[in-house]
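The sequence and the structure are shown first, and a description of selected features follows.

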Amino acid sequence: MASSMRSLFSDHSRYVESFRRFLNNSTEHQCMQEFLDKKLPGIIARIGDKKSEIKILSIGGGAGEIDLQILAKVQDQFPGVPINNEVVEPSAEQIAKYKEFVAKSSNLENIKFAWHKETSSEYQNRVMENKELQKWDFIHMIQMLYYVKDIPATLKFFHSLLAPSAKILIVLVSVLTLTCSPLNSKQTNNCLASVTTWMSNRNQCLGQAMEKIWIPLTPG
Ligand SMILES: C[S@@+](CC[C@H](N)C(=O)[O-])C[C@H]1O[C@@H](n2cnc3c(N)ncnc32)[C@H](O)[C@@H]1O
């Protein structure tokens with residue numbers, strides 16, 4: 001029987017509100033904070049090696065709270081190196097908030113920002129059509145892959161944009177049991193399974209190490 005419930009993915013404002021409630025009722029932000037403080041510096045340790053500018057692509061950057069923390073870690077690791085931070089984000093509302101956040105934040109002098117109001121697949125189509133493929137030193141997709149229809153094709157495309165010693169970071173919630181969660185566990189588990197399969201195929205083809213890091217998440 002078809003469900004009468006509308007998907008949160010088709011109602012952006014409702015999704016944003018649900019995600020805000022989820023954040024307020026879980027330890028997602030504390031866990032992310034711990035990840036950013038303890039693990040991220042190791043992950044990005046080499047991305048700026050021998051580079052005169054560090055190019056970062058944020059896919060689904062939302063209102064920029066996590067993005068600016070990532071940028072601060074990159075600045076700590078590579079003091080004084082100019083950063084070019086581009087954001088692919090389909091929500092005008094989120095982009096407006098991101099811009100406000102940048103305007104009121106300090107220590108961003110060496111960072112150039114650009115926002116593209118489009119989904120990851122619109123970005124992919126545009127840069128391929130216009131032959132504007134460029135390489136990036138760090139690409140991150142934090143809590144956004146749930147929205148993507150063809151995850152393997154998306155990961156293949158963004159992986160192909162990595163420069164030497166670049167990294168791609170994907171963050172997903174693996175199991176959600178919270179009633180206020182914006183996602184159901186089937187969606188997240190399908191998403192996680194696609195990423196895991198893609199990672200192991202890439203590792204077999206390229207002999208490249210891709211690491212899966214578990215961050216325990218509990219209700220607050
Ligand atoms: C849960 S929020 C995460 C925001 C931010 N990365 C964070 O961790 O705080 C997911 C973001 O992905 C964006 N998004 C939704 N569908 C997308 C797509 N197909 N491509 C890129 N971004 C998308 C949403 O508008 C939203 O801002």
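## Helix packing

Helices α3 and α4 cross in a right-handed sense. In this predicted model, the axes of α3 (residues 65-77) and α4 lie 10 Å apart, and the two helices pack at an angle of about 40°. An angle of about 40° makes α3 oblique to α4. On the side of α3 the contact is formed by E65, D67 and L68, and on the side of α4 by Y98, F101 and V102.

Helix α3 also packs against α2. The angle here is about 20°, with the axes 10 Å apart. Angles under 35 degrees count as roughly parallel, and α2 is therefore roughly parallel to α3. The crossing of α2 and α3 is right-handed. From α2, the residues H29, M32, Q33, L36, D37, L40 and P41 take part in the contact, and they meet I66, Q69, I70, K73 and Q77 of α3.

## The chain as a whole

How many helices and strands does the chain have? It has seven helices and five strands. Their order along the sequence follows the pattern α-α-β-α-β-α-β-α-β-α-β-α. The chain comprises 220 residues, of which 46% count as buried. Among contacts between residues at least 6 apart in sequence, 80% join residues that are at least 24 apart.

## Aromatic residues

The count of aromatic pairs in the model comes to five. One of them is formed by Y98 and W115, whose rings are 5.5 Å apart centre to centre, with 80° between the planes; the arrangement is edge-to-face. Y98 belongs to helix α4 (residues 92-103) and W115 to strand β3 (residues 111-116), so this pair ties together parts that are 17 residues apart in sequence. Y98 is also among the residues of α4 that make the contact with α3.

W115, at 22% relative accessibility, counts as partly exposed, because buried means under 20% relative accessible area. Y98 and W115 also belong, together with F113, to one aromatic cluster.

Another aromatic pair is made by F157 and F158. The ring centres of F157 and F158 are 4.9 Å apart and the planes stand at 75°, so the pair is edge-to-face. F157 is buried, at 7% relative accessibility, and F158 is buried as well, with a relative accessible area of 0%.

## Residues in loops

Most residues other than glycine have a negative phi. Against this background, K50 and K131 deserve mention. K50 is a residue other than glycine with a positive phi, near 60°. K131 is not a glycine either, and its phi is positive at about 50°.

Where in the chain is K50 placed? K50 sits in the loop between α2 (28-43) and β1 (54-59). K131 is found in the loop between α5 (120-129) and β4 (136-142). K50 counts as exposed, at 89% relative accessibility, and K131 is exposed with a relative accessible area of 73%.

P90 is another loop residue, placed between β2 (83-88) and α4.

| Residue | Relative accessibility | Class |
|---|---|---|
| K50 | K50: 89% | exposed |
| K131 | K131: 73% | exposed |
| P90 | P90: 39% | partly exposed |

Which residues does P90 touch, apart from those up to four places away in sequence? P90 touches K117, E118 and T119. The C-alpha atoms of P90 and G62 are separated by 8.8 Å, and these two residues are 28 residues apart along the chain.

Notes. Residues are numbered from 1 along each chain as its sequence is written. This is a predicted model: local features need pLDDT of at least 70, side-chain atom pairs count only at pLDDT 80 or more; totals for chains, interfaces and linings use all residues. Side-chain values use heavy atoms; hydrogens and water are left out. Rings of Phe, Tyr and Trp (its six-membered ring) pair if their centres lie within 6.5 Å; planes under 30 degrees apart count as stacked, over 60 as edge-to-face and the rest as tilted. Helices (H or I, at least four residues) and strands (E, at least two) are DSSP runs, numbered from the N terminus. Buried means under 20% relative accessible area, exposed over 50%, partly exposed in between (1.4 Å probe, protein chains only). Axes are lines fitted to C-alpha atoms, for helices over the stretch in contact, and angles run from 0 to 180 degrees between N-to-C directions. Angles under 35 degrees count as roughly parallel, over 145 as roughly antiparallel, 65 to 115 as roughly perpendicular and the rest as oblique. A crossing is left-handed if the near helix is turned anticlockwise from the far one by less than a right angle, and right-handed if clockwise. Contact means heavy atoms within 4.5 Å.
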